[in-house]
Amino acid sequence: MRCCFKVADLLSKTRTQTQLRFTCIRCVSSRSRPNISSQNSEIYTLNKKISNLIRTGRFTEARLVFDKMVNRTIVSWNSMIGGYVKRREIAKARKLFDEMPERDIVSWNLMIQGYVSCHGNRFLEEGRNLFDKMPDRDCVSWNTMMSGYAKNGRMDEALWLFDSMPEKNVVSWNALISGFLQNGDVASAIECFKRRPEKNAESLSALVSGLVQNEKLDEAERILVECGDEDGGNDYLLRAYNTLIAGYGHRGRVDDARHLFDRIPCNLGPRNGDNGTFKRNVVSWNTMIMCYVKAGGIVSARELFDQMTERDIVSWNTMISGYVRVSNMQEASTLFCKMPSPDTQSWNSMISGFTGIGNLELARSYFERMPQKNVISWNSMIAGYEKNEEYKEAVKLFIQMQFEGEKPDRHTLSSVLSVCSGMVDLHLGKQIHQMVTKMVLPDVPINNSLITMYARCGEINEAQTIFNEMELPIEVITWNAMIGGYASHGFAAEALEVFKLMKRSYVQPTYVTFISVLSACAHAGLVEEGKLLFKSMVNEYGIQPRLEHYASLVDVIGRSGQLNEAMDLINNMPFEPDKAVWGALLGACRVHNNAELARVAAEALIKLEPESSASYVLLYNMFAELGQWDDATEVRMMMERNNIKKEVGYSWVDSSSLVS
């Protein structure tokens with residue numbers, strides 16, 4: 001404006017309207033030239049928007065913003081290429097890379113990283129082609145290519161690249177050490193570690209972690225001790241010590257973990273003027289406590305916890321989860337109340353613990369009081385209701401979960417499918433199946449739940465369809481679900497055929513498998529096959545029979561009328577017979593009208609379940625059907641003396657219909 005007014009003063013003293021209508025040449029030039037600062041600001045804003053959209057998973061929107069940009073920078077292109085690389089869409093990333101008007105070293109490195117991250121030598125060679133064409137390379141380029149060769153087991157080429165590098169950094173040495181360890185070459189990894197020019201936490205941690213993965217824990221400890229002797233206990237050792245302690249704990253070597261933990265001083269001042277200190281940190285304490293918790297040593301874990309002068313949220317949660325593991329909810333509750341700031345994990349542990357011991361009321365109380373729920377909170381509560389057969393409450397909570405905007409995940413859907421199986425609710429099961437197809441990619445647990453649900457609800461063909469569509473190899477739980485589904489609906493031949501197919505697929509049966517196949521034999525009257533399967537379970541597969549197996553075998557033998565043999569089996573069992581065993585015998589006695597053994601079975605059942613009327617009613621009805629009215633009357637009088645009321649669903653045989 002000041003420029004314009006100066007020109008106006010020079011034009012005319014009269015200052016007429018016409019004379020004042022002028023334009024400053026400098027102002028015109030300024031308005032006609034684009035505002036560079038404004039343009040840069042707009043590009044910066046759009047680049048930032050693209051980056052944020054990619055980071056939050058809104059990739060389609062990011063691409064739309066990119067496509068609409070009039071002026072793109074290398075940053076714009078690199079952001080989109082990086083996004084495609086992370087999504088493993090390497091073809092789309094390469095298309096953008098080829099379209100770039102200019103590239104920087106980041107562009108090249110992104111594409112090489114993309115090819116290296118894909119599995120297969122074809123992609124690795126494409127990455128190498130780009131590497132060879134690069135106008136300039138930095139350490140990232142060399143390290144990425146070297147890691148790619150190592151990941152694909154081509155250590156000779158990785159080592160050649162390493163030796164050819166004009167300049168190596170810490171990452172280069174660590175990548176080579178990790179590469180040797182990934183390929184099981186422990187000796188070369190250790191030699192490489194000893195040749196490294198500088199000692200640092202990353203190199204040592206990489207070596208120790210790799211040795212742990214290669215089951216060379218003693219070798220890892222030897223190297224740690226050597227490093228400690230060389231450096232007088234520098235602080236860079238600590239991370240590696242913590243890694244090895246965790247490794248020992250993971251493999252159940254708790255005493256070795258504690259020995260290593262005790263080697264770390266509680267408090268050690270600087271040595272020889274070195275400001276670094278080698279002493280336990282909170283991670284060391286937490287790791288050792290976790291080792292004890294995993295091994296069931298809750299007392300030792302608590303002793304360490306009480307010794308800690310400084311605790312973090314992990315310390316508290318580890319200790320609480322330890323008490324939950326051993327179902328000591330009283331101590332877990334005490335710690336929870338003392339905890340300075342419980343987080344969502346703390347609340348979830350308490351919910352899981354109380355559902356585990358069947359205290360659903362208290363679990364629900366914690367669930368309702370927690371300040372912030374996540375999907376794990378909902379899943380824990382729903383799974384708790386399902387395991388304790390509170391199916392209606394589980395369904396109500398599942399509906400509430402969706403109403404409150406929490407999106408179910410595969411664990412939620414698997415639990416609700418189990419609820420549908422328990423309720424034998426095919427309609428709800430089909431609704432959940434529709435949700436599965438829309439919301440998640442079905443994994444093995446969900447498919448197992450679907451098979452079980454459809455089988456329990458009588459839709460055995462639908463269960464078979466899901467089973468047939470599953471990718472090989474199929475795990476034993478899935479086989480068991482299919483065999484159990486056929487067996488429970490009396491399709492004995494089909495159950496046994498699937499069992500044979502399972503064995504041909506070299507899948508090792510479990511005790512659950514044999515419960516189902518023995519049940520199938522009972523339904524089909526396959527006595528000899530049932531006996532052979534029982535022997536095969538013990539002799540061929542080394543599975544010790546459980547009460548369920550004996551109950552099934554008693555059922556197999558009893559249904560065929562071999563009641564004395566069934567009674568001999570019961571008498572020679574290594575366990576005390578339970579209600580399933582005696583129930584199988586009683587049922588067989590009634591079918592074959594063996595009043596003497598029926599009385600034995602019924603009396604045993606009455607002792608096991610004194611308040612149940614089922615045994616009395618079965619025995620009464622059998623005596624009535626045989627016309628043994630004195631015995632029948634005695635059973636009824638016994639019920640009256642013991643104050644047993646007939647349960648709904650059990651009927652007396654009408655004596656008038658039997659006497660004519």
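I looked first at charges over rings, counted where NZ of Lys or CZ of Arg is within 6 Å of the ring centre and within 35 degrees of the ring normal, and found Lys373 over the face of Phe367, at 5.0 Å from the ring centre. I also noted that the charged end of Arg72 sits over the ring of Phe66, 4.2 Å from its centre.

The model is predicted, so I kept in mind that local features need pLDDT of at least 70 and side-chain atom pairs pLDDT 80 or more, whereas totals for chains, interfaces and linings use all residues. Residues are numbered from 1 along each chain as its sequence is written, and side-chain values use heavy atoms, with hydrogens and water left out.

Next I counted 18 aromatic pairs, taking rings of Phe, Tyr and Trp (its six-membered ring) with centres within 6.5 Å, where planes under 30 degrees apart are stacked, over 60 edge-to-face and the rest tilted. I picked out Phe261 and Trp285, an edge-to-face pair at 5.3 Å centre to centre with 80° between the planes. Both residues, Phe261 and Trp285, are buried, that is, under 20% relative accessible area with a 1.4 Å probe and protein chains only. I also found Phe336, Trp347, Phe354 and Tyr366 linked by ring pairs into a cluster.

Notes. Buried < 20%, exposed > 50% of the residue type's maximum accessible area, 1.4 Å probe, protein only.
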